[in-house]
Each structure stands twice: as structure tokens, then as C-alpha cells.
Amino acid sequence: MKEARACSSFFSKARLRLLVLSLALLLALVDLVVSSHAPPQDLFVDGTRDLQQKLRVDNGRRRDEGRSAKVQEETCASEVNAQKFIDGYTSKTYEKMRDDRVRTSSYLHAIQHLVRDRVVLDIGTGALALLAIFAAEAGARKVYAIEANKEAFQVASKTVAERGLSDRIELIFGHSTQVKVPEKVDMLVHEILGEIASIEGAAYVIRDAQKRHLKEFPSKARTSIPVSASSFICPCEMPDSDYWQEQEFPVILPPDATTLKLWRFPQRSLLSEEWKGMEELDFEKGDGLPLVQQRSNVFQVARRGTFQGFVIKMQASLLDEGSEEIQTWCWDNNKQKEECKGHWAQQVILFQAASDVDKGDEILLQTTVDTSRVQPTYRFAAQLRRKGSAEEQLEDLGERILNLPNFG
């Protein structure tokens, strides 16, 4: 892979630079020793000072290069994992997304109302080029569609040609953060949302697109479909045996599992009646998307149970702020299952040790969402305050620091 070769090349060059720097320092020491026979004392002192200064400069340079190498290494790992995620999409994945009635009809409705006579950029168009075709048929002046999955790109190119839209839709292969679009655009269309709003790199990608691809940002006119996406979190138990028996295929949970992706997570497994905000991605906000979001929340435990972790839901607004056409939460009864808005699952964050809790207890949670790289980092740190205990009397429930999606 190109990313892997680029990262390998970087590491080789970094080692070479350090070797050259070490040799230069050694030569400087030798030169200082042999350059003069029996030098005067003042020259010796000055030479020592020069050497000490050179050592300080060289040590500082090495520290800077070491930090730079670490940052580059982490960035490369993030990009490689992101490419693995993209390459994991298959024709069935795209068909499942297309067949999600609520998702597809909501995007179509928003596109039909917002893109006429505008230049549109579809980020992550997929094998069906679905949103790009919607935009072209809705009257967009020009549509650029970017796709980084090679197989999907080839299928999308064929699909666009078969629809007779090659003059209206231009396919671009690569990552939106790395390619150059032939012209600046008026509108971004994207569906790079996961069980957690930022998990597929939406914040990182759209932050870059706002800077490099939009004609104007911030703008008085709409520049993004969707408008916003948010993640909410709630403490939970592991689902009971009834839930697992309803699953189409048996699920084997590894002993060291840190996350689970479950469809129709049962409401009866929640330990609180409150969902709290974990992150918000406002794609129209004038000062842009933040690199890091930190939240502190307190949950009232609603019943006796066994705390095992947290479950996360996502919602997104497409046409207008607050419209919330997409919601990933499904309740227990059949009527609500039928009305479930979206094909997304729920992300469950598992904590290592289970803890018994009772009604009236409080679970304190600190979350950090770092989207400074394409593969986000999430931190969850939880504590328990027993009912009636002192304010400062807290039990540690543990901490999870995760780079998601996780490919091992």
C-alpha cells in the first residue's frame, strides 16, 4: 500500500538523519581535540563552551526529531488503519446502506432541496455513487465524487457512465485529504458517520475539506449535508440471554474484548434513564470542528444491576439543524424496531471489571474525543459514588483508551 510504503520511507530517512547527526557530532569532537597543540587556557575554555553549546543544540534537535518521528509514526498508523477500514467495504456493504430506507430517503430529500445550480463534492461516494447521482439529478451544476477504495471507484465509474452522467459527475480516486479537486466547490455531501459520529474520520476529513475544497467557509449559504451529527452515551449492563438467543448467529466474546458492535441493543440493559452528550460535530459552525472534545457527565443509576460499560448512540440532522432524520437507537418492542431510523448498530465500550450498582448510585464519566488524526482516539474514565456516601468518596470503575475503528 502507498501509505505503508510512505511510512516505511519516512522511518528509514529518520534513522539516516540521526546517524548523520551522530557522525557530525563525533567529527566535531575529534576536530576540537586535534585542531591545536597545547592551546592557551582561554582558547580551551572557549572551545569547551562552544562544544557545550553545540551539544545542547544537537541534543535539542534530536529531541525535536524524536518527537516529530513519533507524531509521524502515529499519523502513519492512523492513515493505514483508515485505509484498511475503507478497503473492508464490499458490494454488500454499499447495498445495505442503499437499502436503508430512512438513510437514503433523508439524503435524497436534503440533496433535492439544497444543491441545484451548485458545485458539489461527494466525499466517499462508494461503489454505487449514490449521493453523487442524487446531486446530479437534482440539478447540481457539477459533481465531483471522491473514493479511496479502488474496487468501489472502478464500479462507481462504470455506474456513472451507464447512467449517462459522465459529463456531470467526475470521479476522483484517492483520499479527500490528499487529492486536489479541479475547482472549489459550494457544497460538501458526505456520509462518513458511524456508530460514534466521528468514528469513520468525519471530523478530520471535513475539517480539511472546509479549508481546501470549499469556495467559502464560513459561509452564509449551506455548505454541508449533513448539518451536524452527535454522539450520546449511557451506562449499561451486558445484554441478557434473551437478547443473545434472538441473534441470527452465535456471538463469541473474546476475554479481552474492549468494544462490541451490537444491533438493536436492548433498552432493558440500560442502567440509567439519561443519555448524555459525548461529542457534537457541527459542520456549519463558523470556527470549524474542534480537534478535541472533553466532557464530564454524571448518571443517576435507575435500578439495581451490574455495570459493565457504556453504550453509544448517534444521530444526524441532514436538511436543517435539529431535524434528526437519522437516529441509531432501537428500542425493545416490535413497533419501535420497525421504526428504527437507520442501519447503524450501537457501539458498546466494555470495562474490564464488572461492578454491582444500586438505584440512587451515581456513575461519573469523563470522555475525551481526539479527532486530530483520521483515526480518532477515545478516552473513557469512570468512577462510582454510592448512594449516601460523601461527595469525595469515589470507587474507580476503570479507564479505556481506544483508537477506533480498531484493526489490531
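**Reading a buried residue**

Reply: In this predicted model, Glu237 has a relative accessible area of 18% and is therefore buried, since the cut-off for that class is under 20%.

Me: Which polar partners does the side chain of Glu237 have?

Reply: One is the side chain of Arg303, joined to that of Glu237 by a polar contact of 2.7 Å. Another is the backbone nitrogen of Thr306, which the Glu237 side chain reaches at 2.7 Å. Leaving aside residues up to four places away in sequence, Glu237 also touches Phe265, Ser269, Leu271, Gly305 and Gln308, among others.

Me: How is a helix to be read?

Reply: An α-helix has 3.6 residues a turn, so residues three or four places apart point the same way. Helix H4 (residues 101-114) reaches 20 Å from its first C-alpha to its last, close to the 20 Å expected. Its buried residues include Val102, Ser106, Ala110 and Leu114.

Me: What covers the buried residues of H4?

Reply: The cover includes helices H3 (91-98) and H5 (130-137), together with strands E4 (187-190), E5 (224-225) and E11 (326-327).

Me: How many helices and strands does the protein have, and what share of the residues is buried?

Reply: There are 9 helices and 15 strands, and 47% of the 408 residues are buried. Of the contacts between residues at least 6 apart in sequence, 77% join residues at least 24 apart.

Technical notes:
Residues are numbered from 1 along each chain as its sequence is written. This is a predicted model: local features need pLDDT of at least 70, side-chain atom pairs count only at pLDDT 80 or more; totals for chains, interfaces and linings use all residues. Side-chain values use heavy atoms; hydrogens and water are left out. Helices (H or I, at least four residues) and strands (E, at least two) are DSSP runs, numbered from the N terminus. Buried means under 20% relative accessible area, exposed over 50%, partly exposed in between (1.4 Å probe, protein chains only). Contact means heavy atoms within 4.5 Å. The expected span of a helix is 1.5 Å times one less than its number of residues. A polar contact is a pair of N or O atoms within 3.5 Å; within protein, one must be able to donate a hydrogen and the other to accept it, and residues adjacent in sequence count only if both atoms are side-chain atoms.
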